[in-house]
Amino acid sequence: MKNIGQLMKQAQQMQQKMAEMQAELEAVEMTGIAGGGMVQLTLNGKGDMKRLKIDKSVVDPGEAEVLEDLIVAAFNDARAKVNAHAEAEMQKLTGGLALPGGMKLPSSGGGLGWGPSGRLCPNSTL
């Protein structure tokens with residue numbers, strides 16, 4: 001069995017790697033697409049919306065509900081891409097170690113956490 005000093009050192013190294021990964025995720029951008037590209041929505045790795053592009057052909061006051069649905073679909077597509085990327089990065093960090101739902105690695109605030117769906121989410125907000 002490893003002594004407590006070695007375990008603490010490993011935990012500190014993991015925390016440092018987690019902080020580095022969080023910084024890298026902030027720079028990542030994923031674009032969700034709906035309606036065959038008529039609506040495109042870009043999120044960063046923290047889940048903040050960076051851009052929204054809407055094709056003029058779907059801007060019809062009489063069909064606002066369709067546009068609303070396309071925006072939601074594009075957001076969900078982008079969010080799924082951000083989650084998949086964050087999970088892949090977490091797998092690299094943990095060497096494939098699966099953590100149970102609700103359990104977070106230590107961090108210095110912000111960063112990745114487990115969202116309500118049980119998926120890895122930046123800032124636990126997605």
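**Exercises on a predicted chain**

Of the 126 residues in the protein chain, 29% count as buried, a word that means under 20% relative accessible area, with exposed meaning over 50% and partly exposed lying in between (1.4 Å probe, protein chains only). This is a predicted model, in which local features need pLDDT of at least 70, side-chain atom pairs count only at pLDDT 80 or more, and totals for chains, interfaces and linings use all residues. Residues are numbered from 1 along each chain as its sequence is written, and side-chain values use heavy atoms, with hydrogens and water left out.

**Exercise 1.** Find the order of helices and strands along the protein chain.

*Solution.* Begin with the elements themselves: the protein chain has two helices and five strands, taken as DSSP runs (helices H or I, at least four residues; strands E, at least two) and numbered from the N terminus. Then read along the sequence, where the pattern is α-β-β-β-α-β-β.

**Exercise 2.** Describe helix 2, its span and what follows it.

*Solution.* First, helix 2 covers residues 64–94, which is 31 residues. Next, from its first C-alpha to its last it reaches 45 Å, close to the 45 Å expected at 1.5 Å a residue, where the expected span is 1.5 Å times one less than the number of residues. Its buried residues include Leu-67, Ala-78, Asn-83 and Glu-89. Finally, Gly-95 follows helix 2 and has a positive phi, near 65°.

**Exercise 3.** Is Ile-54 buried or partly exposed?

*Solution.* Locate Ile-54 in strand 3, residues 49–54. Its relative accessibility is 31%, so Ile-54 counts as partly exposed.
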